[in-house]
Amino acid sequence: MVEILPCDVGELRTLFLFEKLSDDQLRWLCEHGGVELWEPGMVYREGEPATCLFVMLEGSVALLRKVGSDDIEVSRTTQRGVYAGAWTAYLGDRVPQTYLQSMRALAPSRFFVLSAADFAHLMTEWFPMPVHLLEGLFFGNQRTQTSLAQRERLLALGSLSAGLTHELNNPAAAAVRATSSLRDRVAGMRRKLAVIAGGAWERSQLETLIQLQDRAVEHVAKVPDLSPLEASDLEDELTDWFDEHGLGDGYEMSSTFVQAGLDVAWLDKIAEHVDDGMLEGAVRWLSYTLETELLMNEIEDSTTRISALIGAAKQYSQLDRAPYRVLDVHELLDSTLLMLGGKIGDGVEVVKNYDRSLPEVPVYGAEMNQVWTNLFDNALQAMGGRGTLTIRTRRRDDDIEVEIGDTGPGIPPEVQSRIFEPFFTTKPFGEGTGLGLDISWRIVVDKHHGDLTVRSMPGDTRFRVRLPLRPQEDRAE
């Protein structure tokens, strides 16, 4: 309930906000504004149209910010003269004119209340030069933040591009090598086919050879996993078999037969179906066939890897998707990990404890991937190339929680409260901008109405991101 009270010029003069105003200006305030007595309760809510500026004459208030579905208190005060509400009205329609936080009266409180339109008129008419200075400061700061955030994104993009280039280069080079070798093997098969065609092969022998060829190709798809020692022993056995049957340079073919999963018993079957004079031609024909099949598998694996990397890049950037949509958080995490594959290295073990039963979550996919990039990158740098990176997902009430942990040295307790501040960094000079966690905070908390926290001790640092499962009506565009 709100009670309207008379406005006292003398009381306004006692407030630090108005102490330098003239009597005429104070009278203008009383004529255009008023004093209101509010009982304990919500005065205004975040996101509503900002219609009034509130200056506290007496009482107690708390300011709150929306985090998910909860109102989280960010400050409280009993100081006379504090103000809140439509304080950016003088900027007009150049900024959204909505309340940036909620205000609750904790006790019966009196406010001097001025409409947003009158406050804008007061500022522009009474203080034109300070207004220009404030405008320059406000928008200049916005442009600086935007420029620095863009630089942070470009730095991350450059790092990811380098890693992606490295990851793409390996399968691409493998595909090129395999293609070149395949061309040589196909040429060899053509020559061997001419030899077979010109030999005294009976129809039944050729049919048997083709059947053996088909079975050999089937074996390639069912190759058992062999240890290096087992593979070496099997190669020795095959080399001995080739030597016993008068096949020169048998050791060169033995590796191919081992990779295809063929052993001495298989070679014995070949010897049973062809004459001794034709055995070498048959074996070498099968060797060319197996090499060709193995090379085609290598090309398939390489191009599949390239396709997966390109798919991960699209998933990471969300180029083919709407900016805001319902997505599987695990897909976002995995695409970011894949993009950072070149940075992870062999010394880092990645452990995924995913709750696959979690529902999809409404998010800005590309921006959340920027958050994962910042958190993963910080964890990898902290571990210095050796340690365990753990990613956990779970449900917390109406939120999804993603926890990213590392086994690095930890964040010193005295700076943990500052790590989300812009420009604050614990990295050596030139290695960090101090904006990664600030940007992550604004994406998670301000844009998604979620939460971002950290708990750290030596050997165990955990960042926790909470994202609401329900879409927000007032989400940023």
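Q: Which residues is Met368 in contact with, leaving aside its neighbours within four places in sequence?
A: This is a predicted model, so read the contacts as computed ones. With the neighbours within four places set aside, Met368 touches Leu332, Val363, Ile443, Val444, His448, Val465 and Leu467.

Q: Which element gives the most to the largest nonpolar core?
A: That core has 40 residues, and Met368, Trp372, Phe376, Leu389 and Phe463 are those with the most contacts inside it. Elements that give two or more residues include helix H10 (329-339), strand E13 (387-396), helix H13 (436-447) and strand E16 (460-468). The top contributor, with eight residues, is H12.

Q: Is the disulfide of Cys7 and Cys30 left-handed or right-handed?
A: Look at the torsion about the S-S bond of Cys7 and Cys30, which is about -65°. That value makes the disulfide left-handed.

Q: Does Cys30 count as buried or exposed?
A: Buried means under 20% relative accessible area. Cys7, at 24%, counts as partly exposed. Cys30 has 17% relative accessibility, so Cys30 counts as buried.

Q: How much accessible area do Phe16, Leu17, Tyr83, Trp87 and Leu100 have together?
A: These five residues form a nonpolar patch on the surface. One of them, Trp87, is in the loop between strand E7 (83-85) and strand E8 (102-105) and is partly exposed, with a relative accessible area of 32%. Together, the patch residues come to about 460 Å².

Q: What share of the accessible surface of the protein chain belongs to carbon and sulfur atoms?
A: The chain has 13 helices and 16 strands, and 43% of its 477 residues count as buried. Its accessible surface comes to about 25,000 Å². The share belonging to carbon and sulfur atoms is 52%.

Key:
Residues are numbered from 1 along each chain as its sequence is written. This is a predicted model: local features need pLDDT of at least 70, side-chain atom pairs count only at pLDDT 80 or more; totals for chains, interfaces and linings use all residues. Side-chain values use heavy atoms; hydrogens and water are left out. A nonpolar core is a set of buried Ala, Val, Leu, Ile, Met, Phe, Trp, Tyr and Cys residues joined through side-chain atoms within 4.5 Å. Buried means under 20% relative accessible area, exposed over 50%, partly exposed in between (1.4 Å probe, protein chains only). Helices (H or I, at least four residues) and strands (E, at least two) are DSSP runs, numbered from the N terminus. Contact means heavy atoms within 4.5 Å. A disulfide is a pair of cysteine sulfur atoms within 2.5 Å. Patches are made of residues with over 30% relative accessible area and no salt bridge: like charges are joined within 9 Å, nonpolar side chains (Val, Leu, Ile, Met, Phe, Trp, Tyr) within 5 Å. Accessible areas come from the Shrake-Rupley method with a 1.4 Å probe; for residues, only the protein chains shown count as cover. A salt bridge is a side-chain nitrogen of Lys or Arg within 4 Å of a carboxyl oxygen of Asp or Glu.
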